[in-house]
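Open the structure in a viewer and have the selection tool ready. The stops below are meant to be taken in order.

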Amino acid sequence: MKVFRDVASHESQMFLFPPCIGDFVPESSPVRVLSNIMDRLDLTAFYCQYQGGGAPAFDPRILLKIWIFALSEGLRSSRKVAAALSYDLRLMFLCGMSKPNFRTLCRFRTRNEKAIRALFVEVVQLCQNEGMVLLEETALDGTKILANVSRKQTYRGERLEAAIEQIDAQIAQMLAEARATDEAEDRAEQTPLLAENPADAEAAPSAAEAVQPASTEHKPSGITGAVRKNLKNLKRRKKCLKQARNQQLQTKRNSVAVTDLQSRTMKTSDGIRACYNAQAVADAYSQIIVAAEVTQDENDNAQLPPLLEQTIDNCGLKPDRLLADTGYQSDAALSALDTHSIDGYVKQAALKPAETPSFRETCTYDAGRDLYTAPDGRELPFRRLRTIRNTPYRVYYSSDRKRLEIAVRADDGRIDRMRAKLATDQGRQIYRRRQQIIEPVFGQLKEQLRFRRLLTRGLSGAKIEFLLACTTHNLLKLVQARCARHLLAQFARITVASSPGPATRRNITRRRIYWLLSIRI
């Protein structure tokens, strides 16, 4: 009596008929849905870069399928993706058994920033045509993405100068050792000649003196291959440190990342790290990302107007409502919302005691002359505009030694109106939905796609990686919606064909479940 089953096919067993690539994945697999979606995308922005000549290139559609599916599985390294092409049957099905190496995959990703942005916009419009983007309510937020920089490569000003001095000392020491080796070899060559001709011993000091300047004027010949390699590395390191010092002086920042000069040190939950600021706008209906951008700014004060414009450009429509947290409070943000007539809910910081207009209330304002009069009779005319935390203020002050000053916001009361709107019960209830819309999107990017740390360096590489991640997120939502609708259609056919009874009620319940899945993925 057998206890265990025999294997279906031994490792050395040959198939009677050659296997078909379509047999690698079942008919109901989401991979087939993803492949069908990718086959219908317009990739003109990718194809126009290929001029022909030389060896035939891999089809950009195949490389895109590989990257999108690999990112959906959390594979972000080009080497790991290239290795997965040899054992993952789903990847074999998508790429038609093609096996581009990791260099081809890496070059394709880093050289197509504009085309990848066009792909992101096309996927957003495709989701909009599928009814997954309604723009009735959207939410904006940002997250810090770690740059490809080690903690040890983040320098402050004094440590940067010390590192440059240390490298200069190492280079000087290595050159001094090479000159000492040259001098020792020169003396060793002269000693046998002096021993054979004792009469020339008196001329030895002058010969040594004649040799000494020649050895210092020329490059030391005692530099071996290993020493030459170390010198080359030290000089390259010194050049990077000098570039970092120049950038630190230009940007006037306390610290700088040497290995990625375009990154910025930002405050994160793990301390001060070199990061990029990733911004995204998500639609509330299906959590589709409708706008995405990567910036070098530490805060989010200036990000709402450009993200709002990008949302309108990508979708062709403006959102009815936009939710944002306190980081986006600024007069420019509120002005952009008013310009487009958008119902905005931007959380405003609480007033500090120093910002309360107690002294201004004791003064008298003359609108005709545009000045304030203090209780003691001194006049405070308008002097200039001042920007405080991205909010314009009209500054009034007197001209005497004990100057009195009043700063009045020049925002036409927009901040006060926004603060009053969020103070109502309806405003608080609407604003509370912000974290339900945008926070799960970043959670899926960081957990499911493992997008926590960049693999490429530079602002361009950060934008490419983030746009690819957002495109993958949207395509996964679209694939899931189409699979749910397909199942819904199957259950609908079963329900119609079956007779009334408990089974029919179960089918109706299943139809309702998948109908809900098709609405909110």
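Predicted model: local features only at pLDDT ≥ 70, side-chain atom pairs only at ≥ 80, totals over all residues.

**Stop 1: strands E1 and E7.** Select residues 138-146, which form strand E1, together with residues 321-324, which form strand E7. The two run parallel and are paired through two bridges. To find one point of pairing, pick Ala139 and look across to E7, where its bridge partner is Leu323.

Stop 2: Pick Arg321 and the residue opposite in E8 is Asp343.

**Stop 3: Asp141.** Go back to strand E1 and select Asp141, which lies in it. Is Asp141 buried or exposed? Its relative accessibility is 6%, so Asp141 counts as buried, the cut-off being under 20%. Show side chains here: that of Asp141 makes a polar contact with the side chain of Arg434, at 3.4 Å.

**Stop 4: helix H16.** Follow that contact to Arg434 and select residues 434-447, helix H16. The helix has 14 residues, and from its first C-alpha to its last it reaches 20 Å, close to the 20 Å expected at 1.5 Å a residue. Which residues of H16 are buried? They are Arg434, Ile437, Ile438, Val441, Phe442 and Leu445. Turn the view to look down the axis of H16: the buried residues fall within an arc of 105°, and therefore line one face of the helix.

**Stop 5: the open sheet.** Clear the selection and show strands E9 to E13. They make an open sheet of five strands in the order E9-E10-E11-E12-E13, and the pairing is antiparallel. Which strands stand at the edges? Select residues 364-366 for E9 and 405-409 for E13: each has a single partner strand, so one side of each is left without a neighbour in the sheet. From one strand to the next, the twist averages 35°.

**Stop 6: inside the sheet.** Select residues 371-373, strand E10, and residues 379-388, strand E11. These two are antiparallel and joined by three bridges. End the tour on Leu371, whose bridge partner in E11 is Pro381.

Definitions and conventions
Residues numbered from 1 in each chain as written. Heavy atoms only, no water. Pairing = 2+ DSSP bridges. Helix = DSSP H or I, 4+ residues; strand = E, 2+ residues; numbered from the N terminus. Axes fitted to C-alpha atoms, helices over the stretch in contact; angles between N-to-C directions. Expected span 1.5 Å × (residues − 1). Buried < 20%, exposed > 50% of the residue type's maximum accessible area, 1.4 Å probe, protein only. Arc of directions from axis to C-beta. Polar contact = N/O pair within 3.5 Å; in protein donor to acceptor, adjacent residues only side chain to side chain.
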